[in-house]
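Here is a brief report on a two-chain model.

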Amino acid sequence: MNPAWSVILFTTAAGAGYGLLVIVALYSLSGDAAAQGPLALVALALAGLLVTGGLLSSTFHLGHPERAWRALTQWRSAWLSREGVLALLCYMPALVWAAGLARGTAPGPGWPLATAALALATVHATSMIYASLKTVDAWHRGGVPLNYQLLALASGAVAWLALRQWHGIADARDAAVTIGVVVAAAIAKHRYWRRIDRAVPTSSLATATGLGGHGTVSVLFWPHTEDNYLLKEMRYVIARRHAAKLRRMASVLAFIVPAGAALASVALGDAVGSLLLGLALPSLVAGLVVERWLFFAEAKHVVANYYGR
Amino acid sequence: MTMLPPRTERSLGLVIDLDTCVGCHACATSCKEWNDAGHSAPLTDTDPYGATPDGVWFNRVHAYEVQTPTGSRTVNFPRSCLHCERAPCVTVCPTGASFKRATDGIVLVDADKCIGCKLCSWACPYGAREYDPDVGVMKKCTLCVDRLYNGNLPEASRVPACVAACPTGARSFGDLGDPASGVSRLVQERGGFDLMPEQGCAPVNKYLPPRQPVTPAPARLERKAGNVESALLRWIDRLLT
């Protein structure tokens, strides 16, 4: 599938924003003091920027962005619509929670809890846009929603750890939480990669033409000489050896560097830890962009069969 | 509304005979010609006279080779929207622009509601939907809905343009929901099949398989032993090679 930059930006940025909301909400619910104070407000503002920026960027690839509101209407059947509705709903408890923090009054555990639940639901809806498509084998699998959730949580956890570190309140427990989520995300992603490598395609040129029972089918001519919409949008499949290299790059940037920085921040103290986590954030962003780009570029659409690809 | 109708009164669709299709592209060009002024007009072309022409087509004719133990054959293969009973392009549409009509089963796009997110084209396994970058909306086969019910056309012309244009009668149109209809009987007699049934879309359009080739009896060649003429020809042949 053709990796559209607006969608890569949206899923990674909004994912990080929702992950951050969930992590801060969990800290708040666990009674953490910093999660009740101004630092939580900073985190909520950052999450709001990431989510809003991501949502806006997701409208850039539309043919008619001015009609984007219509996408909120078909939540009964369409995951894309559910995602939009949940994303808007999530703003409500998050804003009440943020307003409470800004006024310095305790907003009550209901608001962070509702924010976390809606954030998780929104990320789930995003992942189901892809996981519900039977036409793309690499996407139509149970591992996809788990991957999206864990990657969102991992990016949120690293951002929250960095904020705490810069605030001078990060401790070994914070680093352990972050490392735990990042390692879980890494394991899930590697499992996904292993599985898509072994997967047997659902459809083939034989079933696409229905001629498999007559003999071995091969393409004689295309209907057209130049690439059409289908080929530009859905034939994009990256060579396997490039994919392997990019997977290693994503693993180092998105998993190894942030987990290593979290570990080192505990061992090496505040000044070095702050610097390392400051470097881990851009590394994580770059790693997730590579991972998300691969998510599209490695996915083959069944329609490519008609063209013998 | 992008919920699928639980059932449709009729299931209008096409039956495409892969045995008689000669791959002339008349269905594709007549489709383009009619629909460029029809329900989903225009079918924009980009760079039509340049080095990389591209454009929206509702019907594309592929050609495949099928290798069998007794030899190979060419199968021409027109590909267009199958107006599926469980059309995934309809249910993924976030805006309600995509819909399947409860009266006749035709799958259409409301161009005024489409936001051009392209998700329907991702959901369709048959490549039936194409994006028009000039208008910013998705386009697809309308089954020539603007011919079927068009009182300005003579009765005989109220069929899809591709069916009217086919010179070999490889395309038939009718109600596939009615077991007594001509198209249903054709499917029954010739063993019509679904494309990619494993995708679970329950396509309405059916394809008829190529018939088994009739092998002609080998011609009898009389051997004329000692034929002077053939000996001379063999000698010339040896000389020249």
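Helices (H or I, at least four residues) and strands (E, at least two) are DSSP runs, numbered from the N terminus. With that numbering, B:Pro42 sits in the loop between helix 1 (26–35) and strand 2 (45–46) of chain B. The model is predicted. A cis peptide bond links B:Ala41 to B:Pro42. Its omega is about -10°.

**Positive phi**

Two residues of chain B other than glycine have positive phi values. B:Asp47 is found in the loop between strand 2 and strand 3 (54–55) of chain B. B:Ala202 is found in the loop between helix 6 and strand 11 of chain B.

| Residue | Phi | C-beta neighbours within 10 Å | Exposure |
|---|---|---|---|
| B:Asp47 | near 55° | 11 | exposed |

**The chain contact**

Chain B contributes 51 residues to the contact, and chain A contributes 45 residues. On the side of chain B that touches chain A, these elements each supply at least two residues: strand 4 (59–68), strand 5 (71–80), helix 2 (88–91), helix 3 (119–123) and strand 8 (130–132). Strand 4 of chain B gives the most, with nine residues. By type, this side of chain B holds 28 nonpolar, 15 polar and eight charged residues.

Strand pairing also crosses between the chains. Strand 1 (residues 216–221) of chain A and strand 4 of chain B run antiparallel and are joined by five bridges. In one pairing, A:Phe221 has B:Ala63 of strand 4 as its bridge partner.

**A sheet in chain B**

Three strands of chain B make an open sheet in the order 10-1-11, with mixed pairing. Strand 10 (171–175) and strand 11 (206–208) stand at the edges. Each has a single partner strand, so one side of each lacks a neighbour in the sheet. Neighbouring strands are turned by 25° against each other on average, direction ignored.

Strand 1 (residues 12–17) and strand 11 of chain B run parallel, joined by three bridges. There, B:Ile16 has B:Tyr207 as its bridge partner. Helix 6 (residues 182–190) of chain B lies across strand 1, strand 10 and strand 11. The helix runs at about 120° to strand 10 of chain B.

Definitions and conventions:
Residues are numbered from 1 along each chain as its sequence is written. Chains are lettered from A and ligands numbered from 1 in the order in which they are written. This is a predicted model: local features need pLDDT of at least 70, side-chain atom pairs count only at pLDDT 80 or more; totals for chains, interfaces and linings use all residues. Two residues are in contact if their C-beta atoms, placed from the backbone, lie within 7 Å. Ala, Val, Leu, Ile, Met, Phe, Trp, Tyr, Cys and Pro count as nonpolar, Asp, Glu, Lys and Arg as charged, and the others, Gly among them, as polar. Two strands pair if DSSP finds at least two bridges between them. Axes are lines fitted to C-alpha atoms, for helices over the stretch in contact, and angles run from 0 to 180 degrees between N-to-C directions. A residue is buried if 20 or more other C-beta atoms lie within 10 Å of its own, exposed if 12 or fewer, and partly exposed in between; C-beta atoms are placed from the backbone.
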